[in-house]
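Hi,

Here is the structure I promised to pass on to you.

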Amino acid sequence: MLNSLWLLLGGLILSLAYIEKNLYDVVEENFWLIFYLGVVLTTTVVLAALVQTFFSRAIRKRTEMDEGDPTSHKFLRYLTLFGIYFIGTLFAILAFPSLRGVATTALSGAGVITVITGIASKEALANLIGGVFIIIFKPFRVGNVIKITDQLVGTVVDITLRHTVIRDFKNKMIIIPNAIINQEKVTNYNLIDKKICQWIEIGISYDSDIDLAKKIMQEECENHPSSEDCRTFREKEKQVPKVVVRVISLAESAVTLRAWTWTKDYPTAFVMKCDLFECIKKRFEKEGIEIPYPHTKILFKNREPAS
């Protein structure tokens with residue numbers, strides 16, 4: 001805020017120092033117009049800086065709290081700053097008689113919405129409304145891990161008036177307009193319960209021992225340090241195994257087995273899945289369980305030349 005004021009003051013001093021003498025009369029004639037614009041600009045900058053400081057402290061306190069959710073504070077900060085700059089621009093326009101009618105209409109309550117709707121494109125307005133819907137209904141919040149597509153999974157970093165910022169697991173920032181993300185099917189891994197049921201699917205050949213393969217997969221999944229026991233009391237009484245393994249399909253060249261194993265959250269589930277694929281592959285090799293892969297056979301036929 002102080003830097004902006006110093007820059008403004010320095011610009012005024014330089015303009016007065018290098019102004020031509022024949023333009024002094026013009027400056028004196030429009031002194032009050034320049035003074036009014038300076039007051040409006042200074043007030044706008046000061047209010048914006050105060051709002052920024054207030055919300056920054058509120059967001060910091062909210063983030064430091066256990067399970068604190070700064071989403072609403074961040075979005076409200078953007079909305080308030082937009083309102084301050086918009087109203088400041090309208091008050092500046094009031095200084096020019098030819099544009100005074102537009103500013104007066106905009107400042108008259110419902111006229112603000114009319115002007116915004118008139119000057120904003122359909123896409124910009126859709127993004128703004130989409131951001132408001134995200135804040136009100138909270139399908140996800142800042143800090144949540146969400147999945148939009150199989151290739152787009154990451155942590156929500158920020159929700160602005162126009163777009164949502166997501167950091168994926170490659171540490172890349174992905175910016176998605178709010179209007180688009182509202183139309184997608186979003187999987188929120190932090191909503192209510194963070195626990196994840198991870199599927200481990202592996203195909204074995206038809207000649208392999210199915211019971212042995214299921215036993216190996218069950219043992220490796222249960223022995224993994226990230227695997228959690230999510231059985232109910234009744235399931236434990238019935239001696240339902242911690243990890244269930246079943247045959248889910250008979251494909252053209254493989255019998256597909258699936259193990260259901262639980263862990264605490266999505267990032268841990270991904271690491272656990274990678275570990276289990278490696279461990280099960282090594283156990284299968286030791287126990288003689290074959291994992292099939294495509295084979296191509298080429299037959300050459302010798303044709304006798306026609307006599």
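**A helix and the sheet it packs on**

The buried residues of α9 pack against β6, β7, β8 and α11. Buried here means under 20% relative accessible area, with exposed over 50% and partly exposed in between (1.4 Å probe, protein chains only). Helices (H or I, at least four residues) and strands (E, at least two) are DSSP runs, numbered from the N terminus.

Before the details, a word on the source: this is a predicted model, in which local features need pLDDT of at least 70 and side-chain atom pairs count only at pLDDT 80 or more, while totals for chains, interfaces and linings use all residues. Residues are numbered from 1 along each chain as its sequence is written, and side-chain values use heavy atoms, leaving out hydrogens and water.

Which residues of α9 are buried? They are Ala-213, Ile-216, Met-217, Glu-220 and Cys-221. These residues cover an arc of only 125 degrees around the axis, so they sit on the same side of α9; the arc is taken from the directions from the helix axis to the C-beta atoms. On the face turned away from that buried side, α9 carries the exposed residues Asp-211 and Asn-223. At the N-terminal end, Asp-209 caps α9, with a side-chain oxygen 3.1 Å from the backbone nitrogen of Asp-211.

Now the sheet: it is open, has 3 strands in the order β6-β8-β7, and its pairing is antiparallel. Two strands pair if DSSP finds at least two bridges between them. β6 (196-204) and β7 (244-250) stand at the edges with a single partner strand each, so one side of each has no neighbour in the sheet. Strand β8 (residues 255-263) pairs with β7 over 6 bridges, and Ala-259 in β8 is the bridge partner of Val-245.

Two helices to look at here are α9 and α11. Helix α9 (residues 210-223) touches β6, β7 and β8, and its direction makes about 20 degrees with that of β8. Helix α11 (residues 266-287) also packs on the sheet, touching β6 and β8, at about 25 degrees to the direction of β6. Axes are lines fitted to C-alpha atoms, for helices over the stretch in contact, and angles run from 0 to 180 degrees between N-to-C directions.

Leaving aside neighbours within four places in sequence, Asp-158 is in contact (heavy atoms within 4.5 Å) with Lys-74, Tyr-78, Val-142, His-163, Thr-164 and Val-165.

Best wishes

How values were computed. A polar contact is a pair of N or O atoms within 3.5 Å; within protein, one must be able to donate a hydrogen and the other to accept it, and residues adjacent in sequence count only if both atoms are side-chain atoms.
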